[in-house]
Amino acid sequence: MKITYLGHASLAIEVAGKNLIVDPFISANPLANSIDILSLKADYILVTHAHQDHILDVETIAKNTGAKVVSNYEIVTHFGTKSIEGHPMNHGGSWQFDFGLVTYTNAIHSSSFPDGSYGGQPGGFILQTAEGNIYIAGDTALTYDMKTIPLQTKLNLAILPVGDNFTMGFESACIAADFVQCKRVLGYHFDTFGYIEIAHQKAINHFKKSGKELLLLPVGESVEV
Ligand code: NI
Ligand code: MN
């Protein structure tokens with residue numbers, strides 16, 4: 001499995017010959033201006049919640065690629081009205097896709113669409129595949145719910161927000177790594193706006209002190225699982 005950081009909370013995942021895009025917010029992110037959304041391959045677009053900084057480029061990418069949106073019922077219904085195909089889920093539910101098993105997890109956050117309409121409850125995803133298992137937390141606080149994840153699967157990588165203010169910060173993410181029992185963490189949801197700028201080396205050292213690894217990838221760079 002190859003995971004490429006597309007800035008903010010946006011990811012491209014290659015697994016089992018399929019291409020997944022997660023929470024595309026690229027065209028309005030100056031830090032991601034090296035990424036051309038029309039060049040992205042996608043069979044599925046995973047959406048954690050309805051906020052603008054997670055859904056901005058969903059429609060463009062879906063219409064360009066024919067990708068299916070995987071998200072909560074409300075978000076899939078919203079994109080369905082724009083003739084975009086989707087697979088609706090809700091918290092705690094899993095579905096076997098052709099690339100692996102996806103579970104929609106709890107997140108402590110909010111999830112309204114940019115126009116204020118209801119975007120369901122926010123979530124995250126666990127992906128269990130033949131090439132490894134990952135947790136994509138979505139925008140969330142540190143929550144005891146995370147402790148149920150290692151009861152379900154052994155993770156190879158946890159993708160956690162580290163930017164603070166709108167989500168947990170890196171100190172809480174370091175505790176979340178203990179909760180999900182995964183020592184390898186890819187940080188996301190940082191630096192995009194002034195509110196979420198972080199000191200990279202300080203965050204990396206904080207993880208190192210307790211024997212964990214925090215990866216903060218430059219936009220466009222990848223990590224293998
Ligand atoms: Ni959000
Ligand atoms: Mn966000």
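**The metal site and its surroundings**

Analyst: Along the sequence, the residues that donate to the manganese ion (ligand 2) follow the spacing D-H-x84-D-x49-H. This is a predicted model, in which local features need pLDDT of at least 70 and side-chain atom pairs pLDDT 80 or more, while totals for chains, interfaces and linings use all residues. Residues are numbered from 1 along each chain, chains are lettered from A and ligands numbered from 1 in the order written, and side-chain values use heavy atoms, without hydrogens and water.

User: What makes residues count as coordinating the manganese ion (ligand 2)?

Analyst: Donors are N, O and S atoms within 2.8 Å of the metal (3.2 Å for Na, K and Ca), and since water is not among the atoms, sites may look incomplete. Asp-53 (OD), His-54 (NE2), Asp-139 (OD) and His-189 (NE2) lie at 2.1 to 2.2 Å, so they meet the 2.8 Å limit.

User: Which residue coordinates both the manganese ion (ligand 2) and the nickel ion (ligand 1)?

Analyst: Asp-139 does, and the two ions are 3.1 Å apart. Asp-53 lies in helix H1 and Asp-139 in the loop between strand E10 (132-136) and helix H4 (149-152), so the pair ties together parts 86 residues apart in sequence.

User: Why are E1 and E2 called paired strands?

Analyst: Strands (E, at least two residues) and helices (H or I, at least four) are DSSP runs, numbered from the N terminus. Two strands pair if DSSP finds at least two bridges between them; E1 (residues 2-5) and E2 (residues 11-15) have four, in the antiparallel sense, and therefore qualify.
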